[in-house]
Amino acid sequence: GTIRKNPPGGLTLKTNRRTMKPDYKLVAKAKYIHMTADLASELWHEVYKRYYPAKQLDTLVEALQSAEAIEEDIDNDVNYFLVFLGDKLIGYFAWKMENTVLHLLHLYLKPEYRGKAIGRDIVMSCERLARGEGRGRVCCEVHTKCLPVQQFFKARGYRILKPVENVAAGISMQLTEMEKML
């Protein structure tokens, strides 16, 4: 991404919104790890509240997306990025490069920024990166009941591989593994 400074006096919101491209900021400093954890908590509670009781969801967020969990992921070669539109934090994503595959681990946007091609552009940039690094495919796990998200990936050429059960903090997560050959 590029760093954009606001023009003096600013532009009208309409023009700004149409022409502005999101910036991706690599999460490395503690401040950004905490920002990511706070955002993850907000978005996971919004996305997964229909699939998990509140207490289980709190436990999952703590186990998988707390500042400590994110820091541990980063120590294990996971790259987290915050997504900004101007100075607004609108989402985050994370990936890990493995032997033959780029594993897209997280991609979450605030509800009002979904359906605006931002997620599509993030997925495409991950695919370009994987290709550039000589990886033959991109894979991800999507919650089995999140059909719109499965549809999002299918529309981008991903196919369903198999159901996967991930157990975190003793809580079962029913996921569907998807992949795209590059």
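This note walks through a predicted model, starting with the overall layout and then turning to a few helices and residues.

1. **Ground rules.** Residues are numbered from 1 along each chain as its sequence is written, and side-chain values use heavy atoms, with hydrogens and water left out. Because the model is predicted, local features need pLDDT of at least 70 and side-chain atom pairs count only at pLDDT 80 or more, while totals for chains, interfaces and linings use all residues.

2. **Overall layout.** The protein has 6 helices and 7 strands; helices (H or I, at least four residues) and strands (E, at least two) are DSSP runs, numbered from the N terminus. Reading from the N terminus, the order of elements is α-β-α-α-α-β-β-β-α-β-α-β-β. Of its 182 residues, 41% count as buried, where buried means under 20% relative accessible area, exposed over 50%, and partly exposed in between (1.4 Å probe, protein chains only). Contact means heavy atoms within 4.5 Å. Among contacts between residues at least 6 apart in sequence, 59% join residues at least 24 apart.

3. **Helix α3 on its own.** This helix has 12 residues and reaches 16 Å from its first C-alpha to its last, close to the 16 Å expected at 1.5 Å a residue; the expected span is 1.5 Å times one less than the number of residues. Its buried residues are Leu57, Leu60, Val61 and Gln65. Viewed down the axis of α3, these buried residues fall within an arc of 100°, so they line one face of the helix; the arc is that of the directions from the helix axis to the C-beta atoms. On the face turned away from the buried side you will find the exposed residues Lys55 and Glu62.

4. **α3 against α2.** The axes of α2 (residues 30-48) and α3 (residues 54-65) come within 10 Å and cross at roughly 145°. Axes here are lines fitted to C-alpha atoms, for helices over the stretch in contact, and angles run from 0 to 180 degrees between N-to-C directions. From α2, the contact is made by Ala37, Ala40, Ser41, Trp44, His45 and Tyr48, and from α3 by Leu57, Asp58, Val61, Leu64 and Gln65. These residues divide into 7 nonpolar, 3 polar and 1 charged (Ala, Val, Leu, Ile, Met, Phe, Trp, Tyr, Cys and Pro count as nonpolar, Asp, Glu, Lys and Arg as charged, and the others, Gly among them, as polar).

5. **α3 against α4.** Here the axes come within 5 Å and cross at roughly 35°. Glu62, Ala63, Leu64 and Gln65 of α3 meet Ala67, Glu68, Ala69, Ile70 and Asp73 of α4. By class, this contact has 5 nonpolar, 1 polar and 3 charged residues.

6. Ser66 is found in the loop between α3 and α4 (67-75). Its relative accessible area is 9%, so Ser66 is buried. Leaving aside neighbours within four places in sequence, Ser66 is in contact with Ala37 and Val61.

7. **Helix α5 and Val123.** The buried residues of α5 (residues 118-132) are Ile118, Gly119, Ile122, Val123, Cys126, Glu127 and Ala130. Val123 counts as buried because its relative accessibility is 1%. Not counting residues up to four places away in sequence, Val123 touches Leu104, Leu107, Phe152, Phe153 and Tyr158. The C-alpha atoms of Val123 and Leu107 are separated by 8.6 Å, and the two residues are 16 apart along the chain. After α5 comes Gly134, whose phi is positive, near 75°.
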